Amino acid sequence: MTAAGSIARLRPAATIRLRLTVLYGGLFVAVGVLLLTITYGLFARQLQARGRGVPRPDPPVLSPHPNDPGSIRERIVEALAQQRAEALSELLTQSVLALALVSIVATVLGWVMAGRVLGPLRDITAAARRLSTHNLDERINLRGPRDELKELADTIDAMLGRLAAAFEAQRRFVANASHELRTPLTVQRAAVDVALARPSLESLLTMARRIRAATRRHEHLITSLLTLARSERGIERYQPVDLAAAVRDALAAAAGDIELRGLRLAHALAPAPLSGDPVLLERLAGNLVENAVRHNAEGGWIDVRTEAGPGSVTLHVANGGARVAPEAVAALFEPFRRHAPDRAGGAGQGHGLGLSIVAAITHAHLGRYAARAREGGGLEVSVTLPRAAHAPVPAAEDERAAPTIRA
């Protein structure tokens, strides 16, 4: 280790407490020196004025005799000058000593007070050092007046709450995704094992069909996961999009399933221009339409409408079907949460990512969504998006992205 390194290690750390103490002490000394200078100047001026008040002999005597009034006056003036000098010197000495003593006391008090003021910062630092992915439930819970430090601690507590929720959601997502990704692979392996146990043309054809169906399910799941990840990353580039056109494309893509299940479709698609990501907005419209078709009853109905307001556009999608519990509506917008299976069996065909992707895309566009369980069965979902492009903002500051779930 070099000499410079040894000196650097021996040098005390320039903590905020030390800097504040030096600052307080320096300011006190500076003010004290200024006060001492002013006092010294005023006192010297006062003594000088009193020295000028010695009376002159009248009439003046020119004889230099020791007892004449002129000699007496000169001795008085000299004595006063000497006395004034001694008084000023004593004043300066005593004032400097008093200033030095009070400065030491002020520096010590400044060190103590700086420690008390910075105490909450030490608590915040200690809490931050203890935190990890295993104890995100801990909070600072700083007590005291509503000052800047209290506001900082409360802000960190709120951030920890959001981090804990995000980590928990990520854990659930990874567990559910691993389960969903493992299921098609299990089906494929079982089909291969059955075909190899009794190889025949029929068993090989059956295996091929099962593998194709499992592969299609796998592809759809991967596509949904990629769309969800992309939407949660935010919008990188805004482009003009007509949400009504995206809904028309989604209805055209689902026309076969709508006709096959005998669903009655009612739509009123007014132009709904906005700025956003075209691919994500098409996926949003597609997921809402697919959700309305998949979780519907045979011979049911679908109502799709788009509206354009002064600063936003809205997409309404309502459908009939099995009754949804009002308390379960909010959970439908979480990943891998499905409707209860209905009589058509459509609920088992999805992965539980459709509405969670809708929520993520809505949040990425700084919009809001609302969902309502219909009394006669089915679901009604409304998505409102701002028409103008906006720069991404943190989720905690964007109140418009919060969902509204109604029974």
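## Close-up views of a predicted model

**Overview of the predicted chain.** In this predicted model, residues 24 or more positions apart account for 72% of those contacts in the protein that have a separation of 6 or more. The secondary structure comes to ten helices and eight strands, and of the 407 residues of the protein, 32% count as buried. The mean pLDDT of the protein is 77, with 77% of its residues reaching 70 or more.

**View 1. The largest nonpolar core and the surroundings of L315.** In soluble globular proteins, nonpolar side chains tend to be buried together. Here the largest nonpolar core has 46 residues, and those with the most contacts inside it are L288, V304, L315 and V383. Two or more residues of this core come from each of the elements α7, α9 (278-294), β4 (301-308), β5, α10, β6 and β7 (379-386), and α9 gives the most, with eight residues. A second, separate core is made of six residues, among them I124, A127, I140 and L149. When the neighbours within four places in sequence are left aside, L315 is in contact with L243, V247, L284, A285, L288, V304, R305, T306, V381, S382 and V383.

View 2. An α-helix has 3.6 residues a turn, so residues three or four places apart point the same way. In helix α7, which covers residues 243-253, the buried residues are L243, A244, A246, V247, A250 and L251. Because these residues cover an arc of only 155° around the axis, they lie on the same side of α7. The face turned away from this buried side carries the exposed residues D249, A252 and A253.

**View 3. A stacked aromatic pair, F333 and Y369.** A pair of aromatic rings is described by the distance of the centres and the angle of the planes. The count for this model comes to one aromatic pair, in which F333 and Y369 are stacked, at 4.4 Å centre to centre and with 20° between the planes. Since F333 lies in the loop between β5 (312-319) and α10 (354-364), while Y369 lies in strand β6 (residues 368-373), the pair ties together parts that are 36 residues apart in sequence. Buried is the word used for a relative accessible area under 20%, so F333 counts as buried at 6% relative accessibility, and Y369 counts as buried at 9%.

View 4. Most residues other than glycine have a negative phi, and most peptide bonds are trans. After α10 comes L366, which has a positive phi of about 60° although it is not a glycine. This residue, L366, has its place in the loop between α10 and β6, and L366 is buried, with a relative accessible area of 5%.

**View 5. N287, a buried residue in helix α9.** N287 lies in helix α9 and is buried, with a relative accessible area of 8%. The side chain of N287 makes a polar contact with the side chain of R283, at 2.7 Å.

**View 6. E259, an exposed residue in helix α8.** E259 has its place in helix α8, which covers residues 255-260, and E259 is exposed, with a relative accessible area of 66%. The C-alpha atoms of E259 and G299 are separated by 9.4 Å, and these two residues are 40 residues apart along the chain.

**View 7. Two stretches to be read with caution.** Where pLDDT is low, the predicted coordinates should not be read in detail. Over residues 341-348, pLDDT stays under 50, and the model has 15 contacts beyond four places in sequence for this stretch. Over residues 391-407, pLDDT also stays under 50, and here the model has 32 contacts beyond four places in sequence.

Methods: Residues are numbered from 1 along each chain as its sequence is written. This is a predicted model: local features need pLDDT of at least 70, side-chain atom pairs count only at pLDDT 80 or more; totals for chains, interfaces and linings use all residues. Side-chain values use heavy atoms; hydrogens and water are left out. Rings of Phe, Tyr and Trp (its six-membered ring) pair if their centres lie within 6.5 Å; planes under 30 degrees apart count as stacked, over 60 as edge-to-face and the rest as tilted. Helices (H or I, at least four residues) and strands (E, at least two) are DSSP runs, numbered from the N terminus. Buried means under 20% relative accessible area, exposed over 50%, partly exposed in between (1.4 Å probe, protein chains only). The arc is that of the directions from the helix axis to the C-beta atoms. A nonpolar core is a set of buried Ala, Val, Leu, Ile, Met, Phe, Trp, Tyr and Cys residues joined through side-chain atoms within 4.5 Å. Contact means heavy atoms within 4.5 Å. pLDDT is the predictor's confidence in each residue, from 0 to 100. A polar contact is a pair of N or O atoms within 3.5 Å; within protein, one must be able to donate a hydrogen and the other to accept it, and residues adjacent in sequence count only if both atoms are side-chain atoms.
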